[in-house]
Amino acid sequence: MKNAFVIAGKELRSYFVSPIAYVVLTGFLLLGGWFFFNLVARFDFLLSIYSAMRNPEAQARLNLNDFVIAPLLHNLSVILVILTPVITMRSFAEEKRAGTYELLMTSPLSVTEIVLGKFLGVLGFLVVMLGLTAVYPAILLAYGNPEVGIMASGYLGLFLLAVSFACVGLLTSAFTDNQIVAAVSCLVILLLLYVISWPADTAGGMLGPLLKYLSLTEHFAEMVRGVIRLQDLVYFGSVIVLALFVTQRAVESVRWR
């Protein structure tokens, strides 16, 4: 594990010595802040209308979790679909392009340590990225009364979603030496997993439930609602482990050649 942490540290530092980290973080926070501001403004507008109408029942139905946190987390998940391929595209593809991949493969490091190190590096960046958005719930907690449990469940879902995205990104980067190909391939797979459940209601039979189970958003949506089910955790765990396993095999295949 020590070697994996060394690679993870190198990987994390490489993000911040290039413009990628700052562009991604700025774009993520800018869009997240824009969504947050508009959702809070809409919530305040509805609250003022119901107050003027003297409608206490409608006022009671308004809550920050449903009107601000849930739509904000869904919007952040869409941004992650677009930005995660940018974060992960260089993981292996850049090593191949720069000619350092062969040095890495002939080093005394095991393939598992290399893949795990790359994964931990991306994971560290995601923690920083999502951690910066904690300012939004902090503001709501300071000036409102959102339910902390539902909010924590939603953030756990967003974190697992981001880690799943990152593992798919590492997988596509391991198969090519072209960063653009890695990013576009990752984006296509993530979009497919994001919308695969859309025809589920009309598919019928066994296909409908299967499409819903394969969809990342269906499992994520349950956690945003505050429901943490074992099947959702197993699904995210399966995606992460499967993607890392295939990545490990793809990287290891280089040593067979």
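Before I go through them, the ground rules. This is a predicted model, where local features need pLDDT of at least 70 and side-chain atom pairs count only at pLDDT 80 or more, while totals for chains, interfaces and linings use all residues. Residues are numbered from 1 along each chain as its sequence is written, and side-chain values use heavy atoms, with hydrogens and water left out.

Now the rings. One of the pairs is Tyr15 with Phe125, which is tilted, at 5.1 Å centre to centre and 35° between the planes. Tyr15 belongs to helix 1 and Phe125 to helix 7, so this pair ties together parts that are 110 residues apart in sequence. When I say helix, I mean a DSSP run of H or I with at least four residues; a strand is a run of E with at least two, and both are numbered from the N terminus.

The cut-offs are under 20% relative accessible area for buried, over 50% for exposed, and partly exposed in between, using a 1.4 Å probe and protein chains only.

The rings of Phe16 and Tyr22 have centres 5.9 Å apart and planes at 75°, so that pair is edge-to-face. Phe16 is partly exposed at 28%, and Tyr22 is partly exposed at 45%. Tyr15, Phe16, Tyr22 and Phe125 together make one aromatic cluster.

Next, charges. A salt bridge here is a side-chain nitrogen of Lys or Arg within 4 Å of a carboxyl oxygen of Asp or Glu. How many salt bridges does the structure hold? There are 5 salt bridges.

One of them joins Glu11 and Lys118, with the closest N and O atoms 3.1 Å apart. Glu11 sits in helix 1 (residues 2-16) and Lys118 in helix 7 (residues 111-132), so the pair ties together parts 107 residues apart in sequence. Both Glu11 and Lys118 are buried.

Another salt bridge is between Arg229 and Asp232, at 2.9 Å from N to O. Arg229 is partly exposed, with a relative accessible area of 30%, whereas Asp232 is buried at 0%.

Glu252 and Arg249 form a further salt bridge, their closest N and O atoms being 2.9 Å apart. Both lie in helix 14 (residues 230-256), 3 residues apart, which is about one turn of the helix. Arg249 is partly exposed at 36%. As for shared partners, salt bridges join Glu11, Arg90 and Lys118 into one network.

Two single positions. Met1 is in the segment before helix 1 and counts as exposed, at 52% relative accessibility. Contact, for the next item, means heavy atoms within 4.5 Å. Leaving aside neighbours within four places in sequence, Met1 is in contact with Glu113, Leu116 and Leu120. From Met1 to Ser153 the separation is 152 residues in sequence and 30 Å in space, C-alpha to C-alpha.

Where does Pro146 lie? Pro146 is in the loop between helix 8 (135-143) and helix 9 (148-174). Pro146 is buried, with a relative accessible area of 9%. Not counting residues up to four places away in sequence, Pro146 touches Leu64, Asn65, Leu140, Leu141 and Met151. The C-alpha atoms of Pro146 and Tyr136, 10 residues apart along the chain, are separated by 12 Å.

Finally, the chain overall. The protein chain has 14 helices and 0 strands. Its C-alpha trace spans about 75 × 50 × 30 Å along the principal axes. Of its 257 residues, 48% count as buried. Among contacts with a separation of 6 or more, 75% are between residues 24 or more positions apart.

That is the tour; I will take questions now.

Key
Rings of Phe, Tyr and Trp (its six-membered ring) pair if their centres lie within 6.5 Å; planes under 30 degrees apart count as stacked, over 60 as edge-to-face and the rest as tilted.
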